[in-house]
Amino acid sequence: MAHAAQELVRKLGRLSRVTDEPGKLTRTFLSPAMKRANALVAGWMKDAGLKVRVDSVGNLIGCYEAANPKSKTLLLGSHLDTVRDAGKFDGPLGVLLPIVALADLKRRGVKLPFDVEVLGFSEEEGVRFASAYLGSKGYCGKLTAKDLAMIDADGVSVSEAIERWNGLTPGRSSKRVGVNALHLKAAHKRGDLLGYVEVHIEQGPVLEAKKLAVGVVSAIAGQSRFKLTWTGQAGHAGMTPMALRRDALAGAAEFVSGVEAIARRTPGLVATVGALTVSPGAANVIPGEVVHTLDVRHADDRRRRQALMAIGRLATQIANRRELERRWQRTQENGAVTCSPALTAQLARSMKAIQGKSVSLVSGAGHDGVVMSALCPVAMLFVRCRGGLSHHPDEYASPKDLGVALAVMTDFLERLAAEQGLTPLPAAAGPVFVPGSRRGRNRGK
Ligand code: GLV
Ligand code: MN
Ligand code: MN
């Protein structure tokens with residue numbers, strides 16, 4: 001696996017240079033860099049023997065076809081968009097690792113008894129529209145009219161962004177692009193799928209503490225995201241006495257501290273205000289309006305809902321006392337997702353075979369698997385990351401750990417092939433996977 005891991009490292013490095021912001025890695029939904037990233041990864045998919053297409057919401061899809069055209073499909077993937085000033089692993093790892101693993105199968109002349117579709121989702125992070133999972137929602141046929149009407153910081157709606165991406169004239173044709181003009185059907189019927197498996201860096205410190213390269217995920221925490229607007233009265237910073245002010249930023253600041261206090265006293269709850277815009281935004285003007293995000297997560301949906309009620313009461317108290325108006329817009333709501341026991345057990349067997357031990361974690365981070373779980377069973381493999389650091393340019397997973405993850409994925413594919421009752425094809429139909437052929441392979445190296 002050492003050669004394949006090096007190839008994976010090379011590809012991760014090459015893709016990390018495809019960015020919308022010079023000097024840092026930022027790729028957002030349907031941006032120019034996303035188009036270049038899709039072209040680059042599509043080339044690697046083709047080299048690995050995959051048939052490539054891009055769907056109407058910019059998802060890159062490569063299929064490693066089975067010997068039998070009537071076969072079921074296994075989905076492997078993650079997202080190709082990033083946060084602002086990102087590391088190179090969050091997302092791309094789960095797209096590039098399967099490509100490298102499949103390239104190795106192709107090199108060895110192995111055909112699987114099921115199609116493998118590698119998915120590079122166009123949006124997972126929720127950077128451009130403050131709402132995540134637009135790529136996987138599109139793939140699953142779950143984009144709603146409300147999703148399509150969301151606007152970005154430049155006033156461009158999701159449907160207009162899709163229209164521009166697909167090469168239609170912006171503006172003129174906007175009426176044509178609505179719910180009906182997009183292919184909003186799911187890419188597959190549930191019964192045709194074996195499941196969706198995502199490899200992702202852990203983004204936390206547990207595997208490092210346990211001295212393990214990889215772990216499986218048992219569940220993904222539920223998540224609510226909001227856009228809040230606080231409106232007060234802008235005015236002269238020198239001439240307006242403190243008692244007569246309606247300062248939107250002072251109110252928002254009190255709210256941010258209060259949210260932090262609620263999260264600190266609620267075990268398992270995490271709450272974040274990660275982006276905030278102050279208007280009019282001058283040193284000598286009292287802030288008249290503040291718009292900010294709020295992200296609240298818990299593995300237990302009931303606890304998350306209780307915390308949201310407490311946060312709502314806090315906002316009302318602050319608004320009343322400070323005579324501010326406040327508006328809430330819910331931009332995302334996902335319940336906690338339990339990973340498929342069967343697929344996870346399969347992945348855990350491969351993990352145990354390769355690294356000797358298996359471990360299971362809950363993911364506090366959101367993943368495409370949340371949306372994919374509406375379409376098929378999902379499972380995830382986490383890879384140790386240095387210092388548990390993620391959403392940061394210093395995000396790092398070692399080549400050795402990537403080699404372990406690759407070996408687990410290959411073992412998993414071969415076990416699944418064996419489980420699907422593969423019968424060898426005649427030589428004329430090409431080489432096929434032979435159950436048991438993984439025995440004797442140099443694992444985890
Ligand atoms: C995705 O990275 C998320 O959990 O916000
Ligand atoms: Mn991610
Ligand atoms: Mn992320």
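This note covers a manganese site and the cysteines of a predicted model.

1. Basis. Local features in this predicted model need pLDDT of at least 70, side-chain atom pairs count only at pLDDT 80 or more, and totals for chains, interfaces and linings use all residues. Residues are numbered from 1 along each chain as its sequence is written, chains are lettered from A and ligands numbered from 1 in the order in which they are written, and side-chain values use heavy atoms, with hydrogens and water left out.

2. Manganese site. The manganese ion (ligand 3) has protein donors at 2.0 to 2.6 Å: D90 (OD), E125 (OE), E125 (OE) and H391 (NE2). Donors here are N, O and S atoms within 2.8 Å of the metal (3.2 Å for Na, K and Ca); water is not among the atoms, so sites may look incomplete. Along the chain the donor spacing is D-x34-E-x265-H.

3. D90 coordinates both the manganese ion (ligand 3) and the manganese ion (ligand 2), which lie 3.5 Å apart.

4. D90 is buried at 5% relative accessibility, and E125 is buried at 8%. Buried means under 20% relative accessible area, exposed over 50%, partly exposed in between (1.4 Å probe, protein chains only).

5. Cysteines. The whole structure has 0 disulfides, a disulfide being a pair of cysteine sulfur atoms within 2.5 Å. The C376 sulfur is too far for a bond, because the closest cysteine sulfur, in C140, is 7.2 Å away. For C385, the nearest cysteine sulfur is that of C339, 18 Å away. C376 is buried at 2% and C385 at 1%.
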